[in-house]
Each structure stands twice: as structure tokens, then as C-alpha cells.
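Hello,

I am handing this structure over to you, and I hope you enjoy looking through it. Please have a look at it first, and then read on for what was found.

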Amino acid sequence: MSKKTGSSNTPTLSRSESDISSWVDKYTQDLLRYTKARVKDLSVAEDLVQITFVAAWEGRERYAGQSSIRTWLFSILKNKLADHYRKAYRDPVLHRTEELEIERFADNGGWLPEHRPTEWSMDALQEAELLEEHLAHCLQGLPPHWRAAIEMKYLRNVDAKEICQELGISVTNYWQQIHRAKLKLRDCITNQLQKRNH
Amino acid sequence: MGIIHTLLLSCKKAVALLDQSTVVPLSPIERLQLRVHMGICKGCGAYKHQSELIDHLLENRSRAEAFDTKALEERINLRLPG
């Protein structure tokens with residue numbers, strides 16, 4: 001941070017000022033769309049976008065122009081989302097909402113007949129939009145901390161060790177949560193597809 | 001009998017290993033066990049395809065409805081000087 005005493009209206013500063021409100025015009029829609037696809041409530045998504053712009057404003061001197069503004073704003077947003085998931089993950093109230101897991105396997109570890117996966121009867125590429133819709137719906141049904149664990153996996157380019165440190169869990173615990181979330185997402189999408197066919 | 005038991009993996013363990021492998025590398029013996037199991041188990045094969053498809057969808061999520069952001073933009077601008 002440089003101190004510029006006595007020059008309250010330097011050219012650089014006033015340019016940043018006009019820039020940031022044009023950024024709000026230009027990028028709010030994109031940032032909100034990205035965020036809403038990843039958190040449950042619209043109001044939470046709006047708050048995250050807002051604190052992203054505030055952080056961008058406060059850190060404007062660190063934006064050196066080497067990446068695009070959009071990229072820079074998204075990198076701030078991803079950090080804010082990571083904070084959000086970390087909090088959601090560690091929230092003891094949310095942890096207590098954990099549901100009873102359904103049993104998909106027999107005692108010998110084989111699939112129970114009604115849970116044995118069969119291929120989805122669809123052209124996954126052609127119906128990508130439909131699948132995305134089902135996925136969005138099914139993500140809302142995940143217990144909040146499973147969702148936080150799975151969202152962390154796809155948010156940034158950081159390895160599992162770093163995520164586990166952030167969440168305060170072991171790598172084994174982490175992949176098991178990813179696996180449980182995946183089992184549940186797969187069940188849910190399968191049900192959605194079947195509903196459509198009946 | 002010993003070798004067979006080392007190579008045989010239950011479906012429960014096999015799908016867990018599949019998802020585990022997207023987070024941490026498996027040991028050589030686990031990779032071998034998984035390969036043997038996947039070679040003969042259709043159910044786990046379907047799980048693998050679907051799990052990979054879900055990964056792909058999660059990585060490329062872009063769709064979300066458009067929002068009316070006017071009120072939000074005003075709120076943000078109030079928080080920013082200028």
C-alpha cells in the first residue's frame with residue numbers, strides 16, 4: 001500500500017473509481033450466475049458477489065493489469081466461496097442435519113439388486129442440458145457439509161491436502177465424503193431421469 | 001485361494017476406490033484389484049461412467065438462469081466510494 005498524502009484526487013485513483021462501477025455494471029450478472037450455481041440461496045450468492053466487489057475495490061492497487069479484470073474478479077470470488085464452504089463445512093448445526101444413509105450394498109459388499117447401477121438410457125452429450133438441470137436440483141438436496149466438500153474439489157486448482165487443511169479433516173475423511181456425495185448425486189439423477197420417463 | 005482373495009474386491013469397495021482415485025492416487029495393488037473387478041462387473045462399470053459424467057458436469061457448470069441484478073448493483077455501488 002502506498003501512501004499518497006495530500007493528493008486526494010490523483011489521476012490514477014479517479015480512474016480506478018470510474019473503473020470499479022463500470023466493473024459492477026459489466027460483471028455482476030456473470031459473477032452472480034456462477035455463484036448461484038454453487039450455493040443454495042440467492043441471498044447468500046448476492047452477498048458473496050457484493051463482498052467480492054468490495055474486496056476488489058479495497059485491493060485495487062494489487063490489480064496490476066496482468067490478468068483480465070474478469071479473471072481477477074473471479075479469483076477473488078473463488079476465495080470468498082472457499083471461505084463460505086469452509087464455514088458451512090465446520091458449522092456444527094449443519095453437521096447435525098446429516099441424514100441416515102440408505103444401504104445400497106448387501107452384507108458381502110455386493111450391490112443390492114434395486115441399487116445396482118445400470119447405464120442411463122440417454123445420449124449424455126445430446127442431453128447435457130437436461131443432466132445439468134438434474135444435477136443442479138440434486139446438489140440442493142445434499143447435506144450442506146457434503147456439498148461444501150464436493151464444491152471445494154472443483155473450485156480452485158488446489159490439491160486435496162490443501163483442501164483438507166482448510167476443512168480441518170483427513171484426506172481419507174475427505175474422499176469418503178466426496179464418495180458419499182457422489183453416490184447420492186448418482187441416485188438422485190437416476191431418479192430424476194426415471195421420473196421423466198414415466 | 002490367498003491370491004484370489006487378494007484380487008477380489010466387493011462392489012462396495014470398488015466404487016469407493018473409484019471415487020478415491022479422483023482425490024488421491026491408489027496403491028499399485030489397489031489399482032490391480034480395481035482393474036480385475038472392473039473387468040467383470042457391469043454394475044460398477046455403469047457407476048464409473050456416471051461418476052465420471054457427474055465430475056465432468058461439476059467442472060463445467062455454467063448454466064444458471066439469468067438474474068435481475070439491478071437492485072444488487074445499486075447495493076454494491078452504495079458500498080463503493082465514488
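**What was found**

In chain B, 45% of the 82 residues are buried. Please keep in mind that this is a predicted model.

Let me stay with chain B for a moment. Its secondary structure consists of five helices and zero strands, which gives the pattern α-α-α-α-α when read along the sequence. Taking the contacts in chain B between residues at least 6 apart in sequence, 57% join residues at least 24 apart. The chain exposes about 4800 Å², and carbon and sulfur atoms supply 59% of that.

Buried residues account for 44% of the 198 residues in chain A. Among its contacts between residues at least 6 apart in sequence, 70% join residues at least 24 apart. Chain A exposes about 10900 Å², with 49% supplied by carbon and sulfur atoms.

In soluble globular proteins, nonpolar side chains tend to be buried together. Here the largest nonpolar core has 64 residues, and the ones that touch the most other members are A:Phe53, A:Ile150 and A:Tyr174. Helix H3 of chain A (residues 69-90) provides the largest share of this core, ten residues. Domain 1 (11-83) and domain 2 (93-197) of chain A both give residues to the core, so it lies between them.

**Where the chains touch**

The buried ones are B:Cys11, B:Ala14, B:Val15, B:Ala16, B:Leu17, B:Leu18, B:Asp19 and B:Gln20. What covers these residues? The cover includes H8 of chain A, along with helix H3 (28-40) and helix H4 (42-59) of chain B.

B:Leu72 is another residue worth a look. You will find B:Leu72 in helix H5 of chain B (residues 70-79). Is B:Leu72 buried or exposed? Its relative accessible area is 2%, so B:Leu72 counts as buried. Apart from residues up to four places away in sequence, B:Leu72 touches A:Thr28, A:Leu32, A:Glu46 and A:Val49.

From the chain A side, A:Glu151 sits in helix H6 (residues 144-155). With a relative accessibility of 2%, A:Glu151 is buried too. Setting aside neighbours within four places in sequence, A:Glu151 is in contact with A:Ala37, A:Arg38, A:Tyr85, A:Leu139 and B:Arg61.

**The largest pocket**

The largest pocket has a volume of about 460 Å³. It is lined by 25 residues, and those closest to its centre are A:Arg186, A:Asp187, A:Thr190, A:Asn191 and A:Gln194. Which helix gives the most to the lining? That is helix H8 of chain A (residues 171-197), with ten residues.

A:Arg186 also turns up among the contacts of A:His115. Not counting residues up to four places away in sequence, A:His115 touches A:Ile102, A:Glu103, A:Arg104 and A:Arg186. A:His115 lies in the loop between helix H4 (92-96) and helix H5 (128-140) of chain A. Its relative accessible area is 19%, and because buried means under 20%, A:His115 counts as buried.

**One more pair**

Finally, have a look at A:Ala55, in helix H2 of chain A (residues 42-58). A:Ala55 and A:Lys80 are 25 residues apart along the chain, and their C-alpha atoms are separated by 9.5 Å. Leaving aside residues up to four places away in sequence, A:Ala55 touches A:Ile76 and A:Lys80.

Best wishes

Terms used. Residues numbered from 1 in each chain as written. Chains lettered and ligands numbered in written order. Predicted model: local features only at pLDDT ≥ 70, side-chain atom pairs only at ≥ 80, totals over all residues. Heavy atoms only, no water. Buried < 20%, exposed > 50% of the residue type's maximum accessible area, 1.4 Å probe, protein only. Contact = heavy atoms within 4.5 Å. Areas by Shrake-Rupley, 256 points an atom, 1.4 Å probe, with all protein chains shown as cover. Core = buried A, V, L, I, M, F, W, Y, C linked by side-chain atoms within 4.5 Å. Helix = DSSP H or I, 4+ residues; strand = E, 2+ residues; numbered from the N terminus. Domains from an automatic or database assignment. 1 Å grid on protein atoms, 1.4 Å probe; cavity = no way out; pocket = protein on both sides within 12 Å on 5 of 7 lines; lining within 4 Å. Points joined across faces, edges and corners; volume = space filled by probe spheres on them.
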